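The entries follow in the order of the look-ups.

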Amino acid sequence: MSNRVRKDKDAGSKAWIMVFVTISLFCIIFFAARGRFQAPVSSQAVSLVLSPFQQAVSWVSNEFRFVTSNIWEIATLHEQNKMLRSEVEQLRAINVQANEAMSENERLRAMVGYKQSAHQFDTVAARVIGRESDTWSSMIVIDRGTGSGIQNDMPVVTPAGLVGRVVEAGLNSSKVQLILDPRSSVGTIVQRAESRVTGIVRGDVSNPTMPQMVNIPKNADVVEGDVIVTSGFGGIFPKGIVVGLVSSLQNDAGGLLKIGVLETAVDFQKLEDVMVITASREAPPEPIQPPPQTPGTETDPKAQAEGQKK
Amino acid sequence: MSNIIKWIVFVVVLYALQTSFFPLMSYHGISPDFMLLLTTSYAFLRGPEQGAMMGFATGMLKDLAMGSFLGMHAFTHLLLGYLCGRLANRVFKEQFFLPVFASLAVTAANYFILALLMVLLGYRFNPVSNVQYMLLPMLTYQLAFAYPVHYLTYNMDKKMRTQETN
């Protein structure tokens, strides 16, 4: 009889513990999502323990990928060669046009005295060692941390375009929030010169591989195929990094705005190596040259002659 | 090495495989969720309390290691570990059919609880395309990997029990 009573008491206290833990977790979820609760120490401790295992497994998987991709490339070499030849022909034609546009651009810049807007980036190369399996959020882990100069909020890119930003820099690894994550938002602009419409790119929970450009006015000049780049507003992402191109346009539920569904410039399925931008600054301006003068009317013929020699 | 440390190493290695090797064969970013499969198997083998504890541990590991929504997986895994454990008393431990197929129901339940939490957090999404992009590939992966994970967990548990009795 007494055993039965004790058993019932035990079961009752366990049920209460279960209810308490469940409610506590429920509260943590909501406080954490609103940014009012964080667990940086335990999170970094877990990353510290896990990252050697992840690095080892990731090394094996990279070797495996290297072997399989080599075999595939050898098998498709002939077809690839044909495709690349035709692409080279197309790119040559585009290159001629681009050179023409660049020289025109330089002349026009010189005419209006426009400030040089190119940026130089200091980057740290990193390898992707971990990735989430479900897609309610999209995060990756890279093998560089504060020891390599990585800090929170640094932008992460590949040569193809924007990947995301560092949200938690650990000692030897860092967590990167991809632009596919629903919590991520990036200030962007349409690259086309006639458009220059701004919007915010956010991850979409419905289709985790294609983020959305939101807040576009309904009558704005955005069309399918437009290239979207970062606008530099917000201070985290430098201006001009390619985010993706508009794959389709949809009407917003409110009816006043439209949404651009983006095809990302970076292939997130094959993300192996990334670069973290640790510093970005404007490129130093070109040295000042004396303006060319009409022969015979030089104000300082000596300086003019020296300038031409240079 | 004590049994708890062995289980910790097992969980960490399985998680490293899940996050560092299996994304190679992911479909639209979805790859198998070994932590959920492990929780299901462990709960079927050890009952509700230990199932809930394993669920909490694996869920919290997922939340802390990757920086997703903190507490979300710990919450769902804890609940599902407990519920699977409740069924454990009615199933023979050598029976592989139920734990393997229960992992499908557990994956679906996990998905719907997480979807509900996302809605409560204010995220809106199209449920039809979401099921198509997330749940269906996930169920396929889970079905393919449920047996190997359950087999490993079963053997690990058997070894631990013989050591405990000796």
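Is L48(A) buried, exposed or partly exposed? I find L48(A) partly exposed, as its relative accessible area is 42% (buried is under 20%, exposed over 50%, partly exposed in between, with a 1.4 Å probe and protein chains only).

Conventions first. I am working on a predicted model, in which local features need pLDDT of at least 70, side-chain atom pairs count only at pLDDT 80 or more, and totals for chains, interfaces and linings use all residues. Residues are numbered from 1 along each chain as its sequence is written, chains are lettered from A and ligands numbered from 1 in the order in which they are written, and side-chain values use heavy atoms, without hydrogens and water.

Entry: chain B. I count six helices and zero strands (DSSP runs numbered from the N terminus, H or I of at least four residues for helices, E of at least two for strands). The C-alpha trace of chain B spans about 55 × 30 × 30 Å along its principal axes. Of its 166 residues, 60% count as buried.

Entry: aromatic pairs. My search of the whole structure gave 15 aromatic pairs over all chains (Phe, Tyr and Trp rings, the six-membered one for Trp, with centres within 6.5 Å; planes under 30 degrees apart are stacked, over 60 edge-to-face, the rest tilted). I noted F26(A) and F75(B), whose ring centres are 5.4 Å apart with planes at 55°, so this pair is tilted. The pair crosses between chains, from helix α1 (residues 2–33) of chain A to helix α4 (residues 72–88) of chain B. F26(A) is partly exposed at 33% relative accessible area, whereas F75(B) is buried at 7%.

I also noted W136(A) and Y111(B), a tilted pair with 5.5 Å centre to centre and 40° between the planes. W136(A) is in the loop between β1 (119–131) and β2 (139–142) of chain A and Y111(B) in helix α5 (residues 97–120) of chain B, so this pair joins two chains. W136(A) is buried at 3% relative accessibility, and Y111(B) is buried at 6%.

Entry: cluster. I recorded one aromatic cluster formed by F64(A), F21(B), F22(B), F34(B) and F145(B).
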